[in-house]
Amino acid sequence: MSFSIEKIKDNIGVEIKADKETLLSGKHSTEIREALEANGVFVLKEINFTSEEQLEFTKTLGHVIDEGEGGIYKVTLDTKENEHADYLKGAFYWHMDGSTLDVPILASLLNGFKPSETGGNTEFCSTYVGYEDLPEEDKAAYKDLRVVHSLAAAQYYVHPEPTLEQISTWNMMPSRTHPLVWAHESGRKSLVIGASASHIEGMDYEEGRALLHKLRIHCTQPKYVYSHKWTKGDLVAWDNTGTLHRATHYPANSGRMMHRTKLEGEEPIA
Ligand SMILES: [Fe+2]
């Protein structure tokens, strides 16, 4: 019944070393939740959870969102395995999950069921530390800014010349305006940016987009990033409220298959 938490990098990521039984008992769920919030990402190397165990473990950390097959969603580019696989190509660009929701999801847990032989890392950056390291005058300038997030903004990365049908499908998901700086109940602050960030409300459109890209470039500097190279059976979880993530390129026919569970959000962006 061993349990330990070790930092991977100063600004992001910890590795949790524990056996399955200890993890599934929920005995350390408070510590794990705290480590996730403080470090953005945790890794369980080659834990080899079955789907049932992944669900059980996720439940020890919060409320599981019911999606996919009983809470397990297949992340793959194989359309035979997931009919919405094309939509998942948006994951190649830095993003938050559920940024068009009033309450974005708290966390995602990815189980490396079958990694790609080439590429296919999952990368994370901390928008907490990225914000904290900004010059004070920038923090003051961003204090009251609001960002419009939309599914369409994220999908234009994948389909720069979409059909009108694609655009109308994307637009069925309403856009959502959030503060640029999320003041969390914990007292920490993070930036609400990523591929779904379309523009800044009330600011010249191009000027606002340039600012959003400047902040994305700032937060994705190597010192704020952890890049996970998958071994089969790894489980990696991220705090979706204070990180961005993306997948690095991998071939669509690689067979890469990740099983994802999600924890419901607990706090609106304010
Ligand atoms: Fe994602």
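# Close-up views of a predicted model

**View 1. Strand β15 and its two antiparallel partners.** Six of the seven residues is one way to say it in words; in figures, 6 of the 7 residues of strand β15 (residues 257-263) are buried, and the strand is mostly covered. The model shown here and in the other views is predicted. Strand β4 (residues 73-75) pairs with β15 over 3 bridges, in the antiparallel sense. Within this pairing, Y73 has R260 of β15 as its bridge partner. Strand β5 (residues 107-114) also runs antiparallel to β15, and 7 bridges join the two. Strands of a sheet pair through backbone hydrogen bonds, either parallel or antiparallel.

**View 2. The loop residue E67.** E67 belongs to the loop between α3 (51-59) and β4. Is E67 buried or exposed? E67 is exposed, because 12 other C-beta atoms lie within 10 Å, and a residue counts as exposed with 12 or fewer. Apart from neighbours within four places in sequence, E67 is in contact with Y73 and K262. E67 and T261 are 194 residues apart along the chain, yet 8.2 Å separates their C-alpha atoms.

**View 3. Helix α3 and its buried side.** Q54, F57 and T58 are the buried residues of α3. Around the helix axis they cover an arc of only 100°, so they sit on the same side of α3. An α-helix has 3.6 residues a turn, so residues three or four places apart point the same way. Among the elements that cover the buried residues of α3 are α1 (20-25), β5 and β15.

View 4. Which residues of helix α2 (residues 29-39) are buried? They are I32, L36 and N39. Seen down the axis of α2, these buried residues fall within an arc of 95°, so they line one face of the helix. The face turned away from the buried side carries the exposed residues T30, E31 and E34. The cover over the buried residues of α2 includes β2 (14-18), β3 (41-44), β5 and β13 (235-239). After α2 comes G40, with a positive phi near 80°.

**View 5. An open sheet of 3 strands.** The strands of this open sheet follow the order β12-β6-β14, and their pairing is antiparallel. β12 (225-228) and β14 (243-247) are at the edges with a single partner strand each, so one side of each has no neighbour in the sheet. From one strand to the next, the twist averages 15°. Strand β6 (residues 122-126) and β14 run antiparallel and are joined by 5 bridges. In this pairing, S126 stands opposite T243 of β14. In a regular strand the side chains alternate between the two faces of the sheet.

View 6. Domain 1 takes in 3-125 + 230-250 + 257-263, and domain 2 takes in 127-219. Taken over C-alpha atoms, the centres of domain 1 and domain 2 are 23 Å apart. How many residues does each domain give to the contact? Domain 1 gives 18 residues and domain 2 gives 24 residues. On the side of domain 1 that touches domain 2, the residues divide into 6 nonpolar, 9 polar and 3 charged.

Key: Residues are numbered from 1 along each chain as its sequence is written. This is a predicted model: local features need pLDDT of at least 70, side-chain atom pairs count only at pLDDT 80 or more; totals for chains, interfaces and linings use all residues. A residue is buried if 20 or more other C-beta atoms lie within 10 Å of its own, exposed if 12 or fewer, and partly exposed in between; C-beta atoms are placed from the backbone. Helices (H or I, at least four residues) and strands (E, at least two) are DSSP runs, numbered from the N terminus. Two strands pair if DSSP finds at least two bridges between them. Axes are lines fitted to C-alpha atoms, for helices over the stretch in contact, and angles run from 0 to 180 degrees between N-to-C directions. The arc is that of the directions from the helix axis to the C-beta atoms. Two residues are in contact if their C-beta atoms, placed from the backbone, lie within 7 Å. Domain bounds come from an automatic or database domain assignment. Ala, Val, Leu, Ile, Met, Phe, Trp, Tyr, Cys and Pro count as nonpolar, Asp, Glu, Lys and Arg as charged, and the others, Gly among them, as polar.
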